[in-house]
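I opened this model to look through its domains, sheets, aromatic contacts and ligand site. My entries are in the order in which I looked things up.

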Amino acid sequence: MTIQLIDYTAPAYDIPETHLDFSLSPDATRVTSRLKLERRDLSADRITLDGEKLQLESVAIDGEIVGPDRYELTDTSLTLLGLGETAEVEITVTIAPQGNTELMGLYMSGGRYCTQCEAEGFRRITYFLDRPDCLSRFTVRVEAEKDGFPTLLSNGDTVETGDAGEGRHYAVFVDPHPKPTYLFALVAGAFDSIFDDFTTASGQAVKLGVHVDPGQAGRAYFAMDALKRSMKWDEDVFQREYDLSEFHIVAVRDFNFGAMENKGLNIFNSSLLLADAETATDADFMNVERVVAHEYFHNWSGNRITLRDWFQLCLKEGLTVYRDQEFSSDMRSRPLQRIHDVQGLRAIQFPEDDGPLAHPPRPTEYETIDNFYTSTVYNKGAEVVRVLRELLGADGFAAGMQRYFTDNDGTAATLEDFMAAFDFGSAEAREAAFRWYQQAGTPTVTMRREHNAETGDVTLVLTQSQKPTPGQTDKAPLPVPLRIGFLDAEGRTLPLSHNGAASDEHHLTFDTAEARLSFSGAAGMPIPAILRGFNAPVKVDTDLNQEEKLVQMAHDPDPFTRWDTGQLMMAEAMIARAEGQAQAGPPLDRIAQALAGEFDRDDFEPGFVARAIRPASVSELLQQTDTPDPAALFAAQLETRRTLSAALAGQRKTEFARPAPDADSLENEAIGRRALRSTFLFLAAAEGESAAELALDAFHQAGNMTDSMAALRALSEIGGSAFETALAEFEARWKDDALVMDKWFSMQAMAPHDGAERVRKLVQHPLFSLKNPNRARAVYGAFANANPVCFHAEDGSGYNLVADALIELDAINPGTSARIVRSFETWKRFDTTRQAHAKAALERVLAAAKSTNLKEVITKTLGG
Ligand code: TRP
Ligand code: ZN
């Protein structure tokens, strides 16, 4: 059944007040709800509540138990009949959290109760209007055994606790802020808790709690610190304060996603909350910081202002990703953050936009909303907010954001409401900007130069084009904000004039299919960078020649541009090699020379250089090649790494001659130098066997998980006995630590040598289980997304391995199967042999699939 945006209608009744009473038990939890209904639609006398997998015990309307003459029951709904203008309804159901393997609704993880309600999980807890525009004030009573479940939590403020007799206890929570069901949460179990305090700008005291598995408290402090910094940052930058007297974060090991922004009670995948230097890499720490901030920021962009319907998902997710990216930029390094985010966008969102699953940030139809938690909604959604900021200017954007928060507080809003808060100068300009939310596909901007040596004028001839995407063939031009700067042939900044004004950098909007932008003051042909900072999610195609690109990658003042042009040149060199045309590609020695210059800059930043000298992964190269050959690309990448490694040997020596950075330090300098050392190791590992000793040494010397992982990753590529030795030692040390063992599983799934066979053996390991999404992703997600050589093996063995797993996984957890299957989305870009294997594998999964989640993704993947 397809749900359409244009079919939206408001519910016939409001539910202003909701009382829930939970009597928790693993196989038979009793949930009693007391709802106050108020008619909205004058002609209504019935209401259809959502409900799935519930055992209905009783229904009472206005104080009287009623029979089936007053309701209609189906597998997915309960319709109450003959209602008046208002009604008091009491419904009792029983549910079995212990058997809930889908991890939606109320379930158990590690013997603790927890919930996940977004998007449509609440309907597995009780009958309700399970839709984001039904805002209700919740009062919740939770009762459980004292033994084993000392901590009881739900949204809002704790107003009462007590003994419930028979070894049980209870707590009552009131959340004064009306909210939709998807933000409901409940937790009960035994936790190690750490507490802290925060005082808001207006002086309100907030008690903060982070609750983790017993014995793990030491790994919770970083998240607590990140939370306090997030609260302060949202006050400083967006003037948003927290609005309850308590805020809790709970870590659970079994979770479908990263984390969830339930009002006042965020629930996290433990992989995105627990971190210390022994067990977490620097990348893990940065992810914890980012996700803690993300979920906290939802308190305004998502909770105080929520969504009218799920088509508006990008309103909370895109905006909140934008906010967390800005937070991370302020906490860490702005240029590095931009590079990190753009790399992610290009690796995941661009292929999505280019393939059968392409959709606009605001889709117009869906079958399963779970399938729309995509990179397009999240990451392109964030880029669109960035575009708006550029179009409006920093002040105009900031003023609009304040208007948005004020005007829509307490409502379920739409993207139209968001756009209405900004002053674009004209209705046409607003409409043009809004198209970013409505059109699918990544635009390509081309730039060609016309230079007049006599007048010194240069004209940039720009075009923009967008390919058709499934269901959307007509594309109108989009307003693309550009930041343009010029260099001369020696790499010096050229302050050219545009419309009479000279500047080192011109901020201009390109909003037509074609445009000619003229600049004066260029004696020779200048070298322009047109998308400095990458403030629009587009592909850029320029007429710069090799020499000009070498100048740009070495000298452009914008670090993003230097990184980007360097990456482009290295990718061109690798792809040319993979196609047996090394001569046609840019010369590696010149590239290496330009990269070496990064080490001598006054503004040398080790973390930046670590990324600049690291050539693209094979997965990234696959996206840039037609009919790619993964093995040939891998070989070309290895060759390129060897060349760079030799060319930068002096720089490597200098770095390793310095004392190692403090293993526990999370300062930029320490993180950056570890990243640089790890890149050097990555380059050297391309030597193969002869680098095994170096890598094993690095593994033994590692003083924290970052260094340990860098060495293990290098060993996984080299393979052989050194890799097996390191794996055995690692397992012996970490076998009792689930999060660390996820890394051990991933490393093997990503190893390029033994192919699918290694993974088939790996999943026989006693610690492997498909029931835990982290573990399933650690093996099959890593294999399908980060082992392109083996996943795309020509004999189809990689596709078949994943297909077998998907069939089994779908019966357990459709949310996770429908996500892993996305690794097939680029199947049509490969040769006919691989296409045939991929198609057969997908058809086999489709025939066996149980869930609509998985079926929807496969049908679109095959058909598009
Ligand atoms: N809203 C969550 C976020 O912060 C996403 C999320 C968490 C989710 N759990 C989920 C989405 C389960 C779908 C299903 O981005
Ligand atoms: Zn989110």
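The entries below start with conventions and then go from the whole chain to single contacts.

**Conventions.** I am working with a predicted model, in which local features need pLDDT of at least 70, side-chain atom pairs count only at pLDDT 80 or more, and totals for chains, interfaces and linings use all residues. Residues are numbered from 1 along each chain as its sequence is written, chains are lettered from A and ligands numbered from 1 in the order in which they are written, and side-chain values use heavy atoms, without hydrogens and water.

**Domains.** I took the bounds from an automatic or database domain assignment. I noted domain 1 (1-161), domain 2 (191-299), domain 3 (310-438), domain 4 (453-462 + 464-543) and domain 5 (735-864). Over C-alpha atoms, the centres of domain 1 and domain 4 are 55 Å apart.

**Open sheet.** Helices (H or I, at least four residues) and strands (E, at least two) are DSSP runs, numbered from the N terminus; two strands pair if DSSP finds at least two bridges between them. I traced an open sheet of eight strands with mixed pairing, in the order β6-β5-β9-β3-β2-β12-β15-β14. The edges are β6 (64-65) and β14 (157-165); each has a single partner strand, so one side of each lacks a neighbour in the sheet. Inside this sheet I checked β2 (residues 13-23) and β12 (residues 136-145), which pair in the parallel sense over seven bridges. Phe22 has Val142 of β12 as its bridge partner.

**Strand β19.** I call a residue buried under 20% relative accessible area, exposed over 50% and partly exposed in between (1.4 Å probe, protein chains only). Seven of the seven residues of β19 are buried, so the strand is largely enclosed by the rest of the structure. One side carries Glu246, His248, Val250 and Val252, the other Phe247, Ile249 and Ala251. β18 (residues 205-212) pairs with β19 in the parallel sense over five bridges, and Leu208 has Phe247 as its bridge partner.

**Strand β32.** β26 (residues 457-465) pairs with β32 in the antiparallel sense over seven bridges; Leu460 is opposite Leu517.

**Rings.** Rings of Phe, Tyr and Trp (its six-membered ring) pair if their centres lie within 6.5 Å; planes under 30 degrees apart are stacked, over 60 edge-to-face and the rest tilted. I have 45 aromatic pairs for the structure. Tyr242 and Phe247 are edge-to-face, because their centres are 5.2 Å apart and their planes at 85°; both residues are buried. Phe257 and Tyr373 are also edge-to-face, at 5.9 Å and 85°. Phe257 is in the loop between β19 and β20 and Tyr373 in the loop between β23 and α5, so this pair ties together parts 116 residues apart in sequence. Phe257 is partly exposed at 30%, and Tyr373 is buried at 8%.

**Charges over rings.** My criterion is NZ of Lys or CZ of Arg within 6 Å of the ring centre and within 35 degrees of the ring normal. Arg112 lies over Phe191 at 5.4 Å, and Arg323 over Phe238 at 4.8 Å.

**Ligand 1.** With a limit of 4 Å between heavy atoms, I list 13 residues around ligand 1, the closest being Glu118, Ala259, Glu261, Glu295 and Tyr378. For polar contacts I used pairs of N or O atoms within 3.5 Å. A polar side-chain atom of Gln116 is 3.1 Å from a ligand nitrogen. Ligand oxygen atoms lie 2.8 Å from a polar side-chain atom of Glu295 and 3.5 Å from one of His298.

Note on methods. Polar contact = N/O pair within 3.5 Å; in protein donor to acceptor, adjacent residues only side chain to side chain.
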